[in-house]
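Subject: Model handover

Hello,

Here is the model for your files. Please look it over; my notes follow below.

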Amino acid sequence: MNGRWRGLDRLAACAGMAGAIVIGVGSLVTAVAYGGADGEPYSPLNHFVSELGELAQSELAGLFNLSLIAGGVCFAVFMSGLAASRPGLLRLLAGGVGVVAGLGGSFVGVFPMDYPAQHILAASTFFNLGWIAVGLASVDFVVRPDSR
């Protein structure tokens, strides 16, 4: 593998890690500061994660939504880099689905729960296509193991 591809591999890997960290930290900080409609603390047992980005309810909704926008873009970069670094056709399907999933994740931040129709479309795109992309990439790694 030449130096250019190694650099793109590193960029994709860093984007994947950065995206996970950004969404994780954004979610955690927002959840700790969250006070629901009745002042209750955030609990994944009683709240949807999307409520952390609801402008009408969450003090740090902007932070949460920005973390989703950045994290979604990072996931799209990661999946496109993963597809570019692999042989075969399955990688193209996994990469394409992953890019659309990542953009869907970004749009969850653009359209928080305050915009229900757009939010549901974006969240459905992200969650449904996200697991499909990861599943396709996993199958690709089983079929074509990579020593890296």
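A salt bridge here is a side-chain nitrogen of Lys or Arg within 4 Å of a carboxyl oxygen of Asp or Glu. This is a predicted model, so local features need pLDDT of at least 70 and side-chain atom pairs pLDDT 80 or more, while totals for chains, interfaces and linings use all residues. Numbering starts from 1 along each chain as its sequence is written, and side-chain values use heavy atoms, without hydrogens and water.

The structure has two salt bridges. One of them joins Arg86 and Asp140, with the closest N and O atoms 2.9 Å apart. Arg86 sits in the loop between H2 and H3, and Asp140 in helix H4, 54 residues apart. Helices are DSSP runs (H or I, at least four residues), numbered from the N terminus.

H3 packs against H4 (residues 116-143) at about 150 degrees, axes 7 Å apart. Axes are lines fitted to C-alpha atoms over the stretch in contact; angles run from 0 to 180 degrees between N-to-C directions. The two helices are therefore roughly antiparallel (angles over 145 degrees).

Now the largest pocket. Its space is about 150 Å³. Of its 13 lining residues, Gly19, Ala20, Ile23, Gly71 and Phe75 are the closest to the centre. Helices H1 (3-33), H2 (61-84) and H3 (90-110) each give two or more residues to the lining. A pocket is an open set of points on a 1 Å grid where a 1.4 Å probe fits, with protein on both sides within 12 Å along at least five of seven lines; lining residues have an atom within 4 Å of a point. Volume is the space filled by probe spheres set on the points, which are joined across faces, edges and corners.

Best wishes

Methods:
Parallel < 35°, antiparallel > 145°, perpendicular 65-115°, else oblique.
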